[in-house]
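Student: Please show me how the labels given to parts of a protein follow from their definitions, one step at a time.

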Amino acid sequence: MMAEAGQKVKAVHLKRDAYLYIRQSTLRQVFENTESTKRQYALRQRAVALGWSAERVIVIDSDLGKSGSTATNRHGFQRLVAEVGMGRAGIVMGLEVSRLARNSTDWHRLLEICALTDTLILDEDGIYDPSHFNDRLLLGLKGTMSEAELHVLRMRLQGGIMNKARRGELKMPLPTGLVYEADDRVVLDRDKQVQESIRFFFETFRRTGAASATVKAYREAGLLFPRRLRKGPHKGDLVWTNLYHWRALQVLHNPRYAGTFVFGRRRTRKAPDGRTIYKSLPQEEWHTVLPESHEGYISMEQYQENQRRLRENAQTYGLDRRKSPPREGPALLQGLVICGICGDRMTVRYHVRKPGIVPNYMCQRRGIESAKGPCQRIPGAGIDKAIGELLVESMTPLTLEVALSVQEEIQRRLDEADRLRNQRVERARYEAEMARRRYMKVDPDNRLVADSLEADWNNKLRVLTQAQEEYERQREADRIALDEKKRAEVLALAKDFPRLWHEPKTPQRERKRMVRLMLEDVTLIKREKITVHVRFKGGAAKTLTLPKPLSGVEAKRTSPQVVAEIDQLLDHYTHAQIAAILNQRDLLSGDGKHFHYLIVRKVRLAYGLKSRYDRLQEAGMLTRDEIAGMLKVSTSTVKRWRRHGLLRAHAYNDRNEYLYEHPGESPPVKIPGRKLSCRRRFAEFVPNQPQEVQYEA
Ligand SMILES: [Zn+2]
């Protein structure tokens, strides 16, 4: 072999450096497979035997611990390619050269560059010259084999995982609240506090119906959520942290809490830059779903129900017939209204009006989709009022029941929160006690250990004090929230639903909740009148008919007296003059504004009042052109005569445009040389303009 090798190595190669590329793919291999690393370094001796001096053998081993599947992130490999490309390498050495790159593309690119720059390749089997066809073929084959081997390895590994998953035996990280027994069975966390926290979590979600509301409930009650550390030196330890929205979603979406084993909820693929991209799959595409595989906190039905609610809460989710949880905003029936014409769920749009924010119930989905107007738009204030009255009058027998359940609910929530908080204190006390015992047991001579145990004990005591203070503070807050007087008030309020309903202090959100407790949905149809079909929970139904309410514009309508006034004033005045007169009389427009010529104009147009121009014309007035034709003078002469009171005219707008009275038997004629100001006939039309002395031309 050496003879053949000798033939391939030429002076031109020896002039350049030899590159020894060393790679172990995982960090574990680096530690465990030192044998192979040794073999790789032994190649250096081969290079020396071939004629390179030891100091010209450059070792690239910066990729130790990186996988060979792609060249991205492997700086060593990239450097090697660069050096070869610049013609600095006479020979490239590697244990199994094909492993230089575990990916055919990388490998063939390296071969290509080696051939171009006349660089040799050496592995344990021999020496290759990539510019020779045979060698190139062999090297290519080695690369392909290597890639195939990688593929087989991966398949075998994945196949094993899949099989295990299919049987539900794959051991996967469990969410907090579930743990593996010694025999790999999945059971509820042995820690009672963890269990109860998670039960409380699902209970809170069931009650509030929204992840954000659940998080809020935790914040308000000052509760923390448990988390078991998955890695690091404290792996398996329990920490209590704030509950965040994303975490609440994670818990709600995780089917393991329903005792269901799942595998393949996500698909991964590699991005061109080597990053891993995760994609969540729809439930139908999950690889394995095995219900009732182990204990859980909720049933699978509850899980599915939770998913449905989360979907409905996601506003962007396309389902139109969704029922939505009460959000802020006054519309009582938000999320409950169905369009009686097309059957879609109606949405709410708010408008700011004089009394405040008023809702409109809109059916607009199809309108938006087909770029047409909304199918129905119904002002909501009247409907909300009617529904409120309906509830007040028809709910009397149910009142007590509702009131009691509200009362119980509040009490139960407070008790539950109190119990959970108390548990935290108990745990802190227990841990402090344990720390104390550890400290007591240690040999006092062992200063180092004793000191650290004492510090630990102190820490635990501090945590205990904090927990106690927090507990007392919250308890106090709860007590304030429901002291005797308030309790009596709530009870009284609850006992008569009408008062609770009309009580101005009742937040609108609570009213909406009450509506939701009692009503299934409300269907609206707007024709000549508005028909309101109300379906109660439990199947009862009632139909109301309401008069068509004034639209937003109608509600702002100017009072009839003012309209009549404007009608009269139009006989004598322009829009701006009318506005000034109305303002003098302290009259206001429909939306409570002072008058302005544009408002007067709008009212005139809206009520079809005859324009001043038409009025003047009907009274026999002439336009400038008409009178100029009649008197056989130019229009500018007409204008001048008007200004100097030779013709009587009436402004028909605020832009100094006039209609002219018939000049009568003796119309003005041109008298050249005579001062116009001396010929004034009509004094009352002295225009409010600077006077200039003008003569007839
Ligand atoms: Zn509709």
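Student: Why is Glu 661 called partly exposed?

Tutor: Glu 661 has a relative accessibility of 25%, and since buried means under 20% relative accessible area, exposed means over 50% and partly exposed lies in between (1.4 Å probe, protein chains only), Glu 661 counts as partly exposed. Before we go on, note that this is a predicted model, in which local features need pLDDT of at least 70 and side-chain atom pairs count only at pLDDT 80 or more, while totals for chains, interfaces and linings use all residues. Residues are numbered from 1 along each chain as its sequence is written, and side-chain values use heavy atoms, with hydrogens and water left out.

Student: How do you know that Arg 648 and Glu 661 meet in a salt bridge?

Tutor: Their side chains come to 3.2 Å, N to O, and a salt bridge is a side-chain nitrogen of Lys or Arg within 4 Å of a carboxyl oxygen of Asp or Glu, so the pair qualifies. At 24% relative accessibility, Arg 648 counts as partly exposed.

Student: What makes Asp 191 and Arg 427 a salt bridge?

Tutor: The closest N and O atoms of Asp 191 and Arg 427 are 1.9 Å apart, which makes the pair one of the salt bridges. The pair links distant parts of the chain, 236 residues apart, with Asp 191 in the loop between β7 (186–188) and α8 (192–208) and Arg 427 in helix α14 (residues 396–441). Asp 191 is buried at 14%, whereas Arg 427 is partly exposed at 24%. The structure holds 31 salt bridges, and Glu 181, Asp 183, Arg 185 and Arg 190 are linked in a network of them.

Student: Which atoms are the protein donors of the zinc ion?

Tutor: The donors are the SG atoms of Cys 339, Cys 342, Cys 363 and Cys 375, which lie 2.2 to 2.3 Å from the zinc ion; donors are N, O and S atoms within 2.8 Å of the metal (3.2 Å for Na, K and Ca), and because water is not among the atoms, sites may look incomplete. Cys 339 is buried at 2%, while Cys 342 is partly exposed at 24%.

Student: Why is the site of the zinc ion called tetrahedral?

Tutor: The angles among its four donor atoms run from 97 to 122 degrees, and four donors count as tetrahedral if all angles lie between 85 and 135 degrees, so the name applies. Ideal angles for four tetrahedral donors are 109.5 degrees.

Student: What makes Thr 214 count as buried?

Tutor: Thr 214 has 0% relative accessibility, so it counts as buried. Thr 214 is found in helix α9 (residues 211–221), and its side chain makes a polar contact with the side chain of Thr 208 at 3.3 Å.

Conventions. Helix = DSSP H or I, 4+ residues; strand = E, 2+ residues; numbered from the N terminus. Polar contact = N/O pair within 3.5 Å; in protein donor to acceptor, adjacent residues only side chain to side chain. Tetrahedral: all angles 85-135°; square planar, octahedral: opposite > 155°, others 65-115°.
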